[in-house]
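This briefing covers a ligand site and a chain interface. Please view the model below before reading on.

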Amino acid sequence: MLPFPKFSYEAPGTLDELFTLASVSGSRIVAGGTDLLPSLKHRLFQDTLLISLRRLRELRGVTIEGGALVIGANTTLRDVARDDRVAAGWPALRDACRTIATSTIQAMGTLGGNVMLDTRCLYYNQPDGWRASIGGCLKADGSVCHVAPNGAGCYAAHSADTVPALWLYGAILRFGSERGIREVALADLYGTDGRTWLGNARDEVLLAIVVPKAPAGSVVHRKLRARGAIDYGMLLTAVHRRPDGSGAAVVSALGPRPVFVEAERVEDLAAAAHKAATPMRTHAYGVGWRKHMVRVEVERALAGS
Amino acid sequence: MPTEITLRLQINGEQVRRIIPANRSLLDFIREDLRLTGSKHGCDVGDCGACTVLVDGAPQLACITLAAECEGAAIRTIEGVTDGGGLHPIQEALHRHVGAQCGYCTPGIVMAMTSLLEADPHPSDSAINEALGSNICRCTGYTKILAAVREVARPGSPS
Ligand SMILES: Cc1cc2nc3c(=O)[nH]c(=O)nc-3n(C[C@H](O)[C@H](O)[C@H](O)COP(=O)(O)OP(=O)(O)OC[C@H]3O[C@@H](n4cnc5c(N)ncnc54)[C@H](O)[C@@H]3O)c2cc1C
Ligand code: SF4
Ligand code: FES
Ligand code: FES
């Protein structure tokens, strides 16, 4: 049995209360809890106050505003995937929700939690006793990185299935805090260190994901994983084949920040992605093979576009 | 900030009210506080599905759900899968097909399949596979479980 650490719990009923609580140091939002709660059991965080979004109806549900999709941050992955408007206008987002974990976890986890998902690593997502046996690592309880001991930081992998597709759809993130509402392009949120990869301020709560009308052409999502369920991706890929013959790709699970590449000729996209990708030893699969698979996954995604 | 909360919820049709620590998991609440031990502790971190219960009809992993999050919810566990205490058609089919060996995964599988069949009484094979992907079974190799679920989903068709 893995007990939770001690924490207190609040479920605010208004956004104002939410923002006040989010400014308390040591607090953290719990949405579906499917990422946070296992991590608390593994003692990866020391938070002392969990703030639940469950009573805030305004953070749940899908609406269309001026042709854009507005998805409340606390909408479950299952509800996003089952929405006919999402399926019709942004099918790669639906497909990405449906490759996450399992159908049960999709009924619990939220799109906001996915966008804010912690970076992952073989040496980090482990029980505390396991981590203690290697002296922890830079991201938690230690002073070395076991992936790149001579490197400059933490290379833990961005692993959120929906992010490559959301990126290519031009998604905007709406954050709220006591200071007001602020919008950030999803493509600008993520940084290059696995400890500080989220660009929002600690007290900013994600309120909604705004997805503009889908661009012309087609966007396709792919996930490379060992089993057809449960597993996180070894690579997460989305491609955009544009009507003018050009293309773009976002490939993730490579490091803290997803990799974006463009090619004037879509035929050159796979080679461009392959060149830009530097898989690290964050996964239990060989880096040479994963690099090879970047090309293959982009080609496969394009074949489906 | 409260480290204890008063929790009110319905469990298998019965209203309960308890004061619990804020960090109680739904699984520990069900097993330790209510002594309903049918839901199993497997991995305890969301990987295996042995702890699956229904919260307002949707499958949830009780080991990674805070009991506090279930305020006002209606929860069904394996103990309440049928009203009268008889076997659910899924349980009968699992029994006929020998879809349970050690049985540790079985309560979670019955709950996940109950939720699937309540939403769609005649799911396709791919929908069954997708739903069963939520639950790990180390004994059966899944084929007998699949045969049992298919039989309930499409009575009379070869499995
Ligand atoms: C067995 C298993 C397999 C999994 N496989 C995958 C997978 O393949 N791909 C994948 O992408 N994910 C996977 N997940 C992780 C998870 O289920 C999803 O990423 C899910 O979308 C997370 O959402 P949540 O609501 O549960 O997040 P939570 O766990 O509630 O939160 C995650 C993080 O985001 C923060 N957060 C949540 N909402 C907000 C908000 N509105 N504002 C600010 N911060 C917020 C939390 O504080 C926390 O740090 C898996 C989980 C498990 C248990
Ligand atoms: S990349 Fe290095 S520092 Fe980051 S989680 Fe992995 S081992 Fe730790
Ligand atoms: S015990 Fe809950 S998923 Fe394994
Ligand atoms: S019957 Fe033993 S784990 Fe499924």
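Ligand 1 sits in a site shared between chains, because residues from chains A and B surround it (near means a heavy atom within 4 Å). This is a predicted model, in which local features need pLDDT of at least 70 and side-chain atom pairs pLDDT 80 or more, while totals for chains, interfaces and linings use all residues. Residues are numbered from 1 along each chain as written, chains are lettered from A and ligands numbered from 1 in written order, and side-chain values use heavy atoms, without hydrogens and water.

**Ligand 1**
- Of the 33 residues around ligand 1, those that come nearest are A:Ile29, A:Gly32, A:Thr34, A:Thr110 and A:Lys223.
- Oxygen atoms of ligand 1 lie 2.7 Å from a backbone N or O atom of A:Gly33 and 2.8 Å from a polar backbone atom of A:Asp35.
- The protein covers 96% of the 970 Å² of accessible area that ligand 1 has on its own (Shrake-Rupley method, 1.4 Å probe).

**Interface of chains A and B**
- The contact (heavy atoms within 4.5 Å) takes 34 residues from chain A and 30 from chain B.
- About 2700 Å² is buried between the chains (accessible area lost by two parts on being put together, 1.4 Å probe, summed over both), 61% of it on carbon and sulfur atoms.
- B:Met1, B:Ile64 and B:Glu69 supply 22% of the area that chain B buries against chain A, more than any other three residues.
- The interface has 3 salt bridges (side-chain nitrogen of Lys or Arg within 4 Å of a carboxyl oxygen of Asp or Glu).
- A salt bridge joins the side chains of A:Lys41 and B:Asp44, at 2.9 Å from N to O.

Key
A polar contact is a pair of N or O atoms within 3.5 Å; within protein, one must be able to donate a hydrogen and the other to accept it, and residues adjacent in sequence count only if both atoms are side-chain atoms.
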